[in-house]
Amino acid sequence: MTKTQLSPGELSRLIKDLATRVGFDACGISRVCHLDESLPHLIDWVEKGKMASMGYMARNIDKRLDPSLLVEGSRSVISLLCNYYPSSRQEKDCPTFASYAYGKDYHTVLKERMHLLCKLLKEEIGDFSYRVFTDSAPVLEREWARRAGLGVIGKSGMLISPTGGSYFFISEIICDLELEEDSPLPQQDICKGCRKCQMACPTGAIDGSRSIDARRCLSYHTIESQDDIPSDIASRLSGRVYGCDICLEVCPWNRLSKPTHIEEFSINEHLRVMKKEDWEEIDQERFNEVFKNSPIKRAGIEKIRRTLREI
Ligand code: B12
Ligand code: SF4
Ligand code: SF4
């Protein structure tokens, strides 16, 4: 069978079935286009310096707004959500890590699943071209997921699914297939009168504009930034050494969260129990061994130890 034998609607339904089969929680489709509406928002964010030292956010703006410049000949963006809400947490008195980093690196886990999805699809419809992405290239992932009807952007900047909350990774397959697109959810204000994330953010990074100021975000300072943490930010860490989940924890939509069924996202046994003194003692070799497949390698042991001294 070739891809021409299925209509765009039939193809889209087949892709959504396969997405469920390989373990994704939601799948939505958009047609490749230039994200005109996002341009002023993104430029404003960059020009006001809210990207902090993440210079890569100011580069490739054209590609970030137009996937056809990133993947030649692409016609559709298949957005996928994958739930990572943990079923078990770190022990008490351990330095706190953001829950997205508990298990195996999501880049690897999700890319494997997306390639599997495409392999199964090729078995059904024949060859097509595609590339897979998750937090790995200039792609406005939340905006594509929003356009594909998978959720709405909250005050915290998070993409919130009205059926499952915001503990989801976003990833996408950008391909040359002609598919039936989904519609965005109605632009009702998902937050209504709520300001819980704004009130709870310890550093005032959330101003209600639906994107955040990275210069004030603990996640930025504990993972992305190579500099020492400024003292007014460091004094608000409250035990956090890698990322921050506060704006997710307080969000009422996350009462809908259910533990992930993806085994690879369950908490690394060492991370679950390691106390401050264990982090001070672990050497580079042992760190590499224990956290071989973990996203926390991004910050590295030296950065984690520098942050530890601040908590
Ligand atoms: C840079 C980055 C960061 C930076 C900056 C955060 C930020 N808000 O931009 C830092 C290091 C601080 C960070 C932190 C976190 N991140 Co991050 N991060 C990214 C990254 C690489 C780019 C985001 C980006 O483009 N920012 C630029 C701003 C301008 O864009 P934006 O906030 O996405 O907003 C767009 C739309 O929402 C829309 N929009 C928003 N408001 C409005 C209003 C109007 C009127 C309109 C028209 C449009 C609009 O327009 C914007 C431009 O299109 C993405 C991966 C990717 N490639 O997309 C992951 C990503 C956003 N991060 C993610 C996660 C999980 C986190 C953390 C929870 C990790 C943690 N626990 O520590 C925190 C959450 C902090 C927060 N509340 O946002 C997930 C979010 C999943 C979700 N459900 O939303 C992503 C998508 C990674 C992934 N593949 O899953 N992150
Ligand atoms: S991740 Fe933490 S510091 Fe960053 S915006 Fe959310 S609550 Fe604020
Ligand atoms: S905590 Fe409240 S204001 Fe913040 S994103 Fe969730 S619903 Fe919106």
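Domain bounds, as used in these legends, come from an automatic or database domain assignment. The structure is a predicted model, in which local features need pLDDT of at least 70 and side-chain atom pairs count only at pLDDT 80 or more, whereas totals for chains, interfaces and linings use all residues. Residues are numbered from 1 along each chain as its sequence is written, chains are lettered from A and ligands numbered from 1 in the order in which they are written, and side-chain values use heavy atoms, with hydrogens and water left out.

**Figure 1. The two domains and the overall fold.** The protein is divided into domain 1 (3-89 + 100-175) and domain 2 (196-308). Their C-alpha centres lie 23 Å apart. Across the boundary, 43 residues of domain 1 are in contact with 42 residues of domain 2, contact meaning heavy atoms within 4.5 Å. The protein contains 14 helices and eight strands; helices (H or I, at least four residues) and strands (E, at least two) are DSSP runs, numbered from the N terminus. The radius of gyration, taken over C-alpha atoms, is 20 Å, close to the 19 Å that the globule rule gives for 311 residues, so the protein is as compact as a globular protein of that length. That rule is 2.2 Å times the number of residues to the power 0.38. Along the principal axes, the C-alpha atoms fill a box of roughly 60 × 40 × 35 Å. Of the contacts with a separation of 6 or more, 76% are made by residues 24 or more positions apart.

**Figure 2. Aromatic pairs around Tyr100.** The whole structure holds 13 aromatic pairs. Rings of Phe, Tyr and Trp (its six-membered ring) pair if their centres lie within 6.5 Å; planes under 30 degrees apart count as stacked, over 60 as edge-to-face and the rest as tilted. The rings of Tyr100 and Tyr106 have centres 5.8 Å apart and planes at 80 degrees, so this pair is edge-to-face. Tyr100 and Tyr106 are both buried; buried means under 20% relative accessible area, exposed over 50% and partly exposed in between (1.4 Å probe, protein chains only). The pair of Tyr100 and Phe169 is also edge-to-face, because the ring centres are 6.4 Å apart and the planes stand at 85 degrees. Tyr100 lies in the loop between strand 3 (96-97) and helix 5 (106-125), and Phe169 in strand 7 (residues 168-175), so the pair ties together parts that are 69 residues apart in sequence. Phe169 is buried, with a relative accessible area of 6%. One aromatic cluster includes Tyr100, Tyr106 and Phe169, together with Trp279 and Phe287 among others.

**Figure 3. Charged ends over aromatic rings.** The charged end of Lys122 sits over the ring of Phe128, 5.5 Å from its centre. Likewise, the charged end of Arg147 sits over the ring of Trp144, 5.7 Å from the ring centre. The criterion is that NZ of Lys or CZ of Arg is within 6 Å of the ring centre and within 35 degrees of the ring normal.

**Figure 4. Packing of helix 14.** Helix 14 (residues 300-308) is mostly covered, with seven of its nine residues buried. Among the buried residues are Ile301, Ile304 and Leu308, as well as Lys303 and Arg305. The buried residues of this helix pack against strand 3, helix 8 (218-224), strand 8 (240-242), helix 12 (276-281) and helix 13 (284-290).

**Figure 5. The surroundings of Ser161.** Ser161 lies in the loop between strand 6 (159-160) and strand 7. This serine is buried, with a relative accessible area of 6%. Not counting residues up to four places away in sequence, Ser161 touches Leu81, Leu150, Gly151 and Phe168.
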